[in-house]
Amino acid sequence: MRDMLPDDMARFRRIEEVFRGCSLKRGYEEVRTPTLEYLHLFTATGTLTPSMLGRVYSFLDWDGWSGERVVLRPEGTIPAARLYLENFARGDITKLFYVENTFTFEETGRERRERWQCGAELIGSSLPPADVELMLLALEVLGKLGIGPVELKLSHAGLIKALLGELGLGAAEQTEIFDQILEGHLRALGEIKTEDVDLKRALALILDVTGSSPGFLENVRALLGKARPRLEPSLDNLTSIAQLLSAMGCPYQIDIASGRGFEYYTGIMFQFQLSTERVGGGGRYDDLIPLVGGPPIPASGFALYVDQLMSLVKIEERPYQRVLVRSQGNDVKGLKACFEAARFIREAGYLTELDLGRKGVSGYRWVLSVPTDGPFLLTDQATAKKSELTSAAEIVKIMEESK
Amino acid sequence: VKLALPKGRLWSDTAALLKRVGLELMEYEERSRSYRPKSTKFPDLFLKVFQEKDIPIQVAIGNYDLGICGLDWVEELLAKYPSGDLVKAGDLGYGKSDLYVVASGYAGVSSVEESNDRFDRVRIVSEYQNLAESFALRQRLRRFSILPIWGAAEVYPPESADLAIIAETSVSSFADYNLVPLARILTSKAFLIANRKSLAKADMSEFLSCLEPSEIEAEQEQPLPIMTGKEFEEAPQGEKIRLALPDGHQQRPTMEFLKRAGIGIQGYSDPLETRRPTIELDGVSIKVIRPQDMPLQVANENFDLAITGEDWLKDHLYRFPSSPVQEILALGFGKVTIVAVVSDDLPANDVGVLRDLVGGLLPTIRVASEYVNIADKYARDNHLERYKIIPTWGASEAFLPEDADLLIENTETGETLARHNLRIIDTLFESSACLIGNRNTLSDPLKKDRIEHIIKIAAETIKKSY
């Protein structure tokens, strides 16, 4: 729980503006889902882990006598999938983005319970270029915010799931280990015993080596042995994405261990990292819309973590030249003159405030004294030059000239 | 050192343990009217008797350094608040009971997965609502609702719930209600629990060693008892009018009322023979449940009519203002007054003075009550500003003055309150037994006539009584 102070809000808005601008220019449309959703939206898909659902803020609404709970939105994609299903034509490409807060309990209080994210979802395409388009959008936003160098790390949920299948684990165990990997405990995969020598070798390579080109994937493929046919589709998919990124001159690392996020990911998973800080991530979730109750529509998306970005983004100095307007008399006539002068100057594009009892004038370029009768007195704080002027138009003229 | 002791189920074994280790307790007896037994061996030991369910909370918030209660209530608290200051200090070895997830044999489901597939929304009743929720999440139930209850979980399935989570010392009792266990959540025993901060700073070794708790062992996986439900017949209560009758204090006057009305009923006796008595009214079926649970059950259309108290109806409506439950008839018996009560030691004769004590004598006002929503509204309406509600499960008068400042409680004569050195500072309202129904079912054309018939009999009986 924390406040966002004016400086924080300036950073927040800067991030939001850049993200909105980049998204709108690529044809994404902005949406916002409600903060309060029904808990069953999140339980129905079966794609949030029990430990994640154990940390949501759920409670009985004022009409909750049925015992069904509502929840403060714990993540952005499932509500976006619901919104898509309820409101958009099925089948066509739909591109949505949002700036939203999410809520999850965090015991230590060190991390935040309310987090903000810039999210984008590309619904209706299963092709690698769709995934690449999302990654490029995120990188463009980060680039425009001056945040870098950002590492793009690739992993693949399909590949991990196929590997778990090859290791001969039961369905429940596969889910459990996949969840552990998504929570950052990849070593769980390395600890599984397997008799298959080829698979063991491939697994070691996947776990220990970070690839930086499609060539790495060819090496993995060569080592797989008889497990290869079942891993092939995922490897092909990852290869296509890697090839496209290479061709675009976009550096990346293939690091299976980097996979983070949600159980609903089915294909590529990508993370944006600045040294050790994760500033965003996303992935493909082709099964999610069917799980929410819709037809089989493929989709992928990402989120940029606004809270992390806020500490990294630089904000420009306020572009305005501030003007303070003071009344010399306190009668209605004098105050009216103040309000009118302030409005005129403001309309000319200056940040103009009325002096309502301020102690000093620091931070203001201009101070305008408004008498009950007689000329205005304009002081340029930068040069200490004072000018007597009779109309607001003259004031603006002087300001323009000394810019 | 402060130690919280249980009433009820664990009382006699706990008393025996304390006697064996030579604590020499006075007034820790089942019928004792005192909530504060004393140890002649350790005069500095402060002891208080609570409902078992209250003890983990009291220890977790640091009101008590140590407590004795069942593991089930410890886990119920930890399921929702895993990071608190509650520490399991040792297994005391007695009071074993298992916590089962059960379904009705009539429903024909043999696993939790099956109920996830079968029901659009899995309705779960339990006294353990936090354990129920974490169970539902762990099992990945797609859609569920949890109806917290005060007791009598065994009578709910299949009509009023799909699953129930029940503590049972032996599974043979399941047979009476044709319940089939689907999973065992935990095996509970009496535990010694401690507050983490107390353990960290106070030397309590004398008590800890003399209570001789054994090490806490990891629970062994045990096979579920194999029970199969009776043949799936017609749903036992089909299209009947479902009437809920109260157990507890309201049972006797309700029995008398039925007698005056000339309605015969078998099995609704004191002590209770069965929670499914049969009534001599065509097309009406009966379940006996806690009056506290009735408004929520009627709101969910699990019952068409119920005899409960106006206090419990109000408590429900304060929480759920748009609930379809309404009072149909005041029955006139079981009159109590709902009052605001403080300890004689507190210099406050009315709620205004109490309010002024906040920030001075009292940092916050701790309001204890069984009526959580009535208490909350009372505190809000009276601008008690800094207050917290402490939900209790009976024996609330024991909370004052050490563990609460204000009590919202019912009283018949005020004698019990006076005996515990408590003073009434405000009267909230009078409450008596009432017949409640659901707006939606009252206008259901299939049920309307029969419901009106029952209401008519009740109304005539009331008229006869005066």
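Author: Here is how some of the labels come about. This is a predicted model, where local features need pLDDT of at least 70, side-chain atom pairs count only at pLDDT 80 or more, and totals for chains, interfaces and linings use all residues. Residues are numbered from 1 along each chain as its sequence is written, chains are lettered from A and ligands numbered from 1 in the order in which they are written, and side-chain values use heavy atoms, leaving out hydrogens and water.

Reader: What makes strand 20 and strand 21 of chain B a pair?

Author: Strands are DSSP runs of E, at least two residues, and helices are runs of H or I, at least four, numbered from the N terminus. Two strands pair if DSSP finds at least two bridges between them. Strand 20 (residues 365-369) and strand 21 (residues 387-391) of chain B have five and run parallel, so they count as paired. B:Ile365, for one, sits opposite B:Tyr387.

Reader: What makes strand 9 and strand 11 of chain B edge strands?

Author: The open, mixed sheet of five strands in chain B has the order 9-8-10-7-11. Strand 9 (144-148) and strand 11 (179-188) of chain B each pair on one side only.
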